[in-house]
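Me: I am new to this structure. Please walk me through it, and tell me what stands behind each label.

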There are 2 protein chains.
Amino acid sequence: MKNKKNELTKNQKIVLDCIQKSNKPVKAYSILSNVSKKGLKAPPQVYRALEKLIEVGEVHKIESLNSFVACNSKCIEPNGTIFSICKSCDQTTEVSNVALAKFLSDFKDMNGTQFSGFNLELFGTCKSCKT
Amino acid sequence: MKNKKNELTKNQKIVLDCIQKSNKPVKAYSILSNVSKKGLKAPPQVYRALEKLIEVGEVHKIESLNSFVACNSKCIEPNGTIFSICKSCDQTTEVSNVALAKFLSDFKDMNGTQFSGFNLELFGTCKSCKT
DNA sequence: AATAATTTGTTATATTATAACACTATCTTC
DNA sequence: GAAGATAGTGTTATAATATAACAAATTATT
Ligand SMILES: [Zn+2]
Ligand SMILES: [Zn+2]
Ligand SMILES: [Zn+2]
Ligand SMILES: [Zn+2]
């Protein structure tokens, strides 16, 4: 059974808040040091919150950076994520492109079976790193 | 400048051989224990070989698994990788689909700028895990 | 209130990856 | 082929990322 009100718990809110305030993907131990003043003092507290936040879709993990970002709420496909990542500064944005999301969601393997999820990471150079 | 003969070195060959012999993505420390009898006894030896092998395209890293696979030599796009990963057993295969690879390579950001690379991980259930 | 389920706090440890340094082998250029 | 540059090696130590395990506290259900 879930939380009756289906709300985030205290620790989950603290961690989510920390991630949302960053304009870049945040690392777990960076979160930990940022929220230590709020009482979260050990890695499991952060990792447990992250696990739940990811599960409910509030947070995504950027696998190639071992970092975490808040969902920009424009997730088109519930089972897929698309990110644009700056190779130079790690600035990351969630890509909302209907055609691309649909293409990936509809993609089937050799046997014609659809995949249940996907994660796409696009690498490039962000605006401010170009100048 | 590179190795004149552009060949892999002893350690690189040992590590590549180990990866190629596996039918699943291999973890760095698993490689380490597998090749310890061949003289590679410390993590940096494995990680340095991996770095080079990835650089030359012989090996890819599966980011979501922190594991490594040998390139199946069918890389369509030099700057992009596509993998199909079984959520149940981690069995991974490199996907060679021209349409998908082209779609991803040609994809442009909001400003019309092309990305320099991509990595797509497709999650599903492999044949043997379905039965 | 009793029970069950979830969340939390805490300690310890596992796993993944790199820094730093001395040394060796190989390549380049003269 | 010697001098210098580059790349690879071996080694020790340590950094960075993530989870196991268990006890205590909180919240939900009966
Ligand atoms: Zn999202
Ligand atoms: Zn940038
Ligand atoms: Zn490949
Ligand atoms: Zn499987």
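Reply: What follows is a set of questions and answers on chains, domains, contacts and DNA. One note before we start: this is a predicted model.

Me: What makes up chain A, element by element?

Reply: Chain A has 5 helices and 6 strands. Read from the N terminus, their order is α-β-α-α-β-β-β-β-α-β-α. The C-alpha atoms of chain A fill a box of roughly 50 × 50 × 20 Å along the principal axes.

Me: Which domains is chain A divided into?

Reply: Domain 1 covers 10-70, and domain 2 covers 80-130. Their C-alpha centres are 22 Å apart.

Me: How do you know that the two domains of chain A touch, and how many residues are in contact?

Reply: Contact calls for heavy atoms within 4.5 Å. By that rule, 10 residues of domain 1 of chain A are in contact with 11 residues of domain 2 of chain A. Between them, about 790 Å² is buried. Carbon and sulfur atoms give 57% of that area.

Me: Which residues of domain 1 of chain A lose the most area to domain 2 of chain A?

Reply: They are A:K24, A:H60 and A:L65. Together they make up 45% of what the domain 1 side buries.

Me: What does the rule find across this domain interface, in salt bridges and in polar contact?

Reply: It finds 0 salt bridges between domain 1 and domain 2 of chain A. Polar contact is another matter: 5 residue pairs qualify, with both residues at pLDDT 80 or more. On the domain 1 side, strand 2 (59-62) and strand 3 (67-70) of chain A each supply at least two residues. That side divides into 5 nonpolar, 3 polar and 2 charged residues.

Me: Now the two chains. How many residues of chain B are in contact with chain A?

Reply: 23 residues of chain B are in contact with 23 residues of chain A. The two chains bury about 2,200 Å² between them, 66% of it on carbon and sulfur atoms. B:F103, B:F107 and B:F115 supply 23% of the area that chain B buries against chain A, more than any other three residues.

Me: What does the rule find in salt bridges and in polar contact between chain B and chain A?

Reply: Here too the salt bridge search gives 0. The polar contact search gives 8 residue pairs, both residues at pLDDT 80 or more. Helix 4 (98-106) and strand 6 (117-124) of chain B each supply at least two residues of the side that touches chain A. Strand 6 of chain B has the largest share, with 8 residues. By class, this side of chain B holds 11 nonpolar, 8 polar and 4 charged residues.

Me: Why is the pair A:D106 and A:K102 called a salt bridge?

Reply: The cut-off is 4 Å, from a side-chain nitrogen of Lys or Arg to a carboxyl oxygen of Asp or Glu. A:D106 and A:K102 meet at 2.6 Å, N to O. That value is within the cut-off, so the pair counts as a salt bridge. Side chains of opposite charge can pair when their charged atoms come close. A:D106 and A:K102 are 4 residues apart in helix 4 (residues 98-106) of chain A, so about one helical turn separates them. Over all chains, the search finds 6 salt bridges.

Me: Which residues come nearest to DNA strand D?

Reply: There are 20 residues around DNA strand D. A:K27, A:Y29, A:K61, B:Q45 and B:R48 come nearest. The surface near DNA strand D has 7 nonpolar, 6 polar and 7 charged residues. Helix 3 (43-55) of chain A, and helix 1 (10-20) and helix 3 (43-55) of chain B, each supply at least two of its residues.

Me: What makes B:Q45 a polar contact of DNA strand D?

Reply: The limit for a pair of N or O atoms is 3.5 Å. A polar side-chain atom of B:Q45 lies 2.5 Å from a phosphate oxygen of DNA strand D. That is within the limit, so the pair counts as a polar contact. For B:N11 the distance to a phosphate oxygen is 2.9 Å. For the side chain of B:K52 it is 2.9 Å.

How values were computed:
Residues are numbered from 1 along each chain as its sequence is written. Chains are lettered from A and ligands numbered from 1 in the order in which they are written. This is a predicted model: local features need pLDDT of at least 70, side-chain atom pairs count only at pLDDT 80 or more; totals for chains, interfaces and linings use all residues. Side-chain values use heavy atoms; hydrogens and water are left out. Domain bounds come from an automatic or database domain assignment. Buried area is the accessible area (1.4 Å probe) that two parts lose on being put together, summed over both. A polar contact is a pair of N or O atoms within 3.5 Å; within protein, one must be able to donate a hydrogen and the other to accept it, and residues adjacent in sequence count only if both atoms are side-chain atoms. Ala, Val, Leu, Ile, Met, Phe, Trp, Tyr, Cys and Pro count as nonpolar, Asp, Glu, Lys and Arg as charged, and the others, Gly among them, as polar. A residue is near a molecule or strand if one of its heavy atoms lies within 4 Å of it.
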